[in-house]
Amino acid sequence: MDSSAAQTLVHEPSVIYPRLKIRLGRVITYAILISLALLMLLPFLWMISASLKMDKDVFRYPIEWVPAIPQWSNYIAIWTRIPFLTFFANTLKLTVTITLLQVFTSSFAAYAFAKLHFPGRDLLFLAYIGSIAIPWQVYMVPQFIMMRQLGLVDNHASLILLQAFSAFGVFLLRQFFVSIPDEILDAARIDGMSEYGIYFRIMLPLSKPALATLTIFTSVAVWNDFMGPLIYLTSQHLKTIQLGLRMFIQQYSADYALIMAAALVSLIPVVILFLALQRFFVEGIATTGVKG
Amino acid sequence: MSTVSLRQTTIAAGKRRSHFKKYLVAYSFILPNLIGFAIFTLVPMVFSLALSFMNWDGANQISWAGLDNFRRLLTDETFGISLRNTLFFVSGNVPLTMMASLGLALLLNQPLRGRNLFRTTFFFPYVASLVAVAVVWNMLFFPSAGPVNQVLISLGVQNPPRWAASVDWAMPTVIMASVWKGMGYYMIIYLAALQSIPSTLYEAAAVDGANGWQKFRHITLPMLTPATFFISVMLIISSFKIFDLIMVMTGGGPGRATNVLVIHIYNTAFREFRFGYSSSIAMVLLVMVLGITIVQFYMERRWVKYQ
């Protein structure tokens, strides 16, 4: 009797004020989420704020989040201090070339792995998967030696060749292609369509989400790549934006505002791509768990 | 049914010649990728193993070293330090990132307004470039005048840590930045897993009088084990590979406080041009990553529950 009385007592508030309880829980959840979101964004907000200040004001405390006199000239200075535009153009060129090549070669191979039969298919696919598990850092040195023998060090071609043929891309697209029913392909074959025709006119149009996922992952990875360019590119006129940013930091280490402006500008293309295509990003990760 | 029977007739009618042609078509799909993959990935992998038994500075004659490189590892003080630092980073980064991403996923796995906005916000640091992120973190955590320490001082902290500039705090600072950058990504994997848990399980538990904690402990956590397994494998591998963040934030310093394995490989190969020796360090990295992954897969069936 006692225990049941205690139980009713415990349960009573939620019976009488169920709405209030739920609403209070909501408020707390929102409060936590909003403060966490601010915490996540704080470094970026500080970056924007600092990029519009004079160097001497960047570390002034208390923080002046909105500068009284925004120094827009910082955003002009970064283009003249270092060849930022060249870095930008180089990165864009690498990103577009590598992404296109990777999506093309990967989807081509993925079609054969998913839908065609040939001797050695499974063994070969195993080699592809196995190579994904091996960190690139393990074989980056022999790769470099090879590229040096080919005379491609300090040349964009080395980075393009290294990243255009991705085992990861093949794996990602193959997993998607497998889910497309064979019946559709067989029907096309009966109608006399060649395998190439099926690939171009049936497979690719049906795989837009997967192709978009690979495109986003690859382009973001290439745009943000730091170690590859660090190893391969030494000439100023070939460097990418990430290297340029680091060079900027090292050369003008006290120009805090300019560094922040440059960092912010380097983020903009990724932000645009991300916001425009974030649906694919999220779906891509959620369904495949893949990593760029 | 009709397609199956049709396929059977085509196979029956097919001659060896047509098989050969079919294989040729299949190989033509694979080749563009396979040629590049074989030359630029498979060959260097094998080469890397061979190189770890060689001595080579890249200019002079390459020579056989046998196990010398591996023996040298035992006396290389920097190697020992970078191994320890790597393990320090892994043991901090992996559990913290997992807890943070699970926490975020649980918070977001509710019918909330603006859920997508929050998800996008938490995920964003993951796509931001490491260099930009590392620079901001360094400035925020500037020892003398950085905003973080100024806030700490105004809160009455006498001697705030010197963060990335101090031997003791450099690694925790790097781990903090890494967790902040990576947790949004794993949050999305957890979120997808949470959304696939059938609500009937919770309803049944509610009928049995389970409270919130009991539901979490006996439904949510077990149902999440496949995601947890997957995330732990991915996270451990990527933590062993850490390079960019540390290179830009501390350059491996101060002293050798954040000198991790990949930085040691990089320095040995591209600054000291000891290609053979650097490959032997790379082999240690490989064995550790593969070893841990294999152990994880072996342990999988003990704790991972598939529906």
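Modeller: Phe273(B) counts as partly exposed because 13 other C-beta atoms lie within 10 Å, where a residue is called buried with 20 or more such atoms inside 10 Å of its own, exposed with 12 or fewer, and partly exposed in between, the C-beta atoms being placed from the backbone. This is a predicted model, in which local features need pLDDT of at least 70 and side-chain atom pairs count only at pLDDT 80 or more, while totals for chains, interfaces and linings use all residues. Residues are numbered from 1 along each chain as its sequence is written, and chains are lettered from A and ligands numbered from 1 in the order in which they are written.

With 13 C-beta neighbours inside 10 Å, Asp154(A) is partly exposed.

Elsewhere in chain A, helix H4 (84-115) packs against helix H8 (167-178) at about 45°, with their axes 8 Å apart; axes are lines fitted to C-alpha atoms over the stretch in contact, and angles run from 0 to 180 degrees between N-to-C directions. H4(A) and H8(A) are therefore oblique, since angles under 35 degrees count as roughly parallel, over 145 as roughly antiparallel, 65 to 115 as roughly perpendicular and the rest as oblique. Among the residues making this contact are Ser106(A) and Ala110(A) of H4(A), and Leu173(A) and Phe177(A) of H8(A), contact meaning that C-beta atoms, placed from the backbone, lie within 7 Å. The residues of this contact comprise nine nonpolar, four polar and two charged, with Ala, Val, Leu, Ile, Met, Phe, Trp, Tyr, Cys and Pro as nonpolar, Asp, Glu, Lys and Arg as charged, and the others, Gly among them, as polar.

As for the chain contact, 66 residues come from chain A and 73 from chain B. Helix H14 (256-288) of chain A supplies the largest share of the chain A side, eleven residues, and that side divides into 50 nonpolar, eleven polar and five charged residues.

Terms used:
Helices (H or I, at least four residues) and strands (E, at least two) are DSSP runs, numbered from the N terminus. Two residues are in contact if their C-beta atoms, placed from the backbone, lie within 7 Å.
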